[in-house]
Amino acid sequence: RTNENWFWTTAPAPILMGAGALALTISTVIACTWPATYPDGVYTEGLARRKPYEFALYIWLYCIGWWFIQDAAKVLTFYILKKYNLFGYNDTGKLEMPASALQYIKDNKEKDMSNKKKSGHH
């Protein structure tokens with residue numbers, strides 16, 4: 001779905017919209033109603049169980065604000081890529097990595113993957 005236009009210029013597929021809405025609704029309900037517990041020894045309580053009760057709304061507004069900022073950064077990035085033909089963007093419509101970057105990836109992929117496995121990150 002990422003392209004050089006603002007997010008509102010292309011509607012998502014209905015299945016994506018439905019899945020996103022369901023996931024966001026469920027996660028918000030869980031975040032608001034979570035019982036007082038101590039997972040990993042850290043006190044945790046649902047957002048709606050103490051003041052300010054509107055905290056979930058504040059978080060939603062914060063996230064929506066950053067969504068607009070990120071989209072503006074994306075549009076600006078594509079504008080700059082097109083204007084200056086960075087990475088040959090105007091030639092192919094996609095970014096092309098220089099040969100030196102491709103060689104670096106080839107030379108270091110195995111080492112990077114083994115470091116990832118050792119660190120335990122997914």
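**Salt bridges and burial**

Mentor: The side chains of Glu 4 and Lys 82 meet in a salt bridge, at 2.9 Å from N to O. Please keep in mind that this is a predicted model, in which local features need pLDDT of at least 70 and side-chain atom pairs count only at pLDDT 80 or more, while totals for chains, interfaces and linings use all residues. Residues are numbered from 1 along each chain as its sequence is written, and side-chain values use heavy atoms, with hydrogens and water left out.

Trainee: Why is the contact of Glu 4 and Lys 82 called a salt bridge?
Mentor: The term asks for a side-chain nitrogen of Lys or Arg within 4 Å of a carboxyl oxygen of Asp or Glu, and the N to O value for Glu 4 and Lys 82 is 2.9 Å, so the pair qualifies. Glu 4 lies in the segment before H1 and Lys 82 in helix H2, so the pair ties together parts that are 78 residues apart in sequence. Helices here are DSSP runs of H or I with at least four residues, numbered from the N terminus.

Trainee: What makes Glu 4 partly exposed?
Mentor: Buried means under 20% relative accessible area, exposed over 50%, and partly exposed in between, with a 1.4 Å probe and protein chains only; Glu 4 has 27%, so it counts as partly exposed. Lys 82, with 40%, is therefore partly exposed as well.

Trainee: How many salt bridges does a search of the whole structure find?
Mentor: The search finds three. Among them, Glu 45 pairs with Arg 50, their closest N and O atoms being 3.5 Å apart, and Asp 71 pairs with Lys 74 at 3.0 Å. Asp 71 and Lys 74 both lie in helix H2, three residues apart, which is about one turn of the helix, and both are buried.

Trainee: How do you know that the span of helix H2 agrees with its number of residues?
Mentor: The expected span is 1.5 Å times one less than the number of residues; for the 29 residues of H2 (residues 55–83) this gives 42 Å, and the end C-alpha atoms are 42 Å apart, so the two agree.

Trainee: Why is Cys 32 called buried?
Mentor: Its relative accessible area is 16%, so Cys 32 falls in the buried class. Cys 32 is placed in helix H1 (residues 14–33) and, leaving aside residues up to four places away in sequence, touches Gly 46, Leu 47, Ala 48, Arg 49 and Ala 56, where contact means heavy atoms within 4.5 Å.

Note on methods: Helix = DSSP H or I, 4+ residues; strand = E, 2+ residues; numbered from the N terminus.
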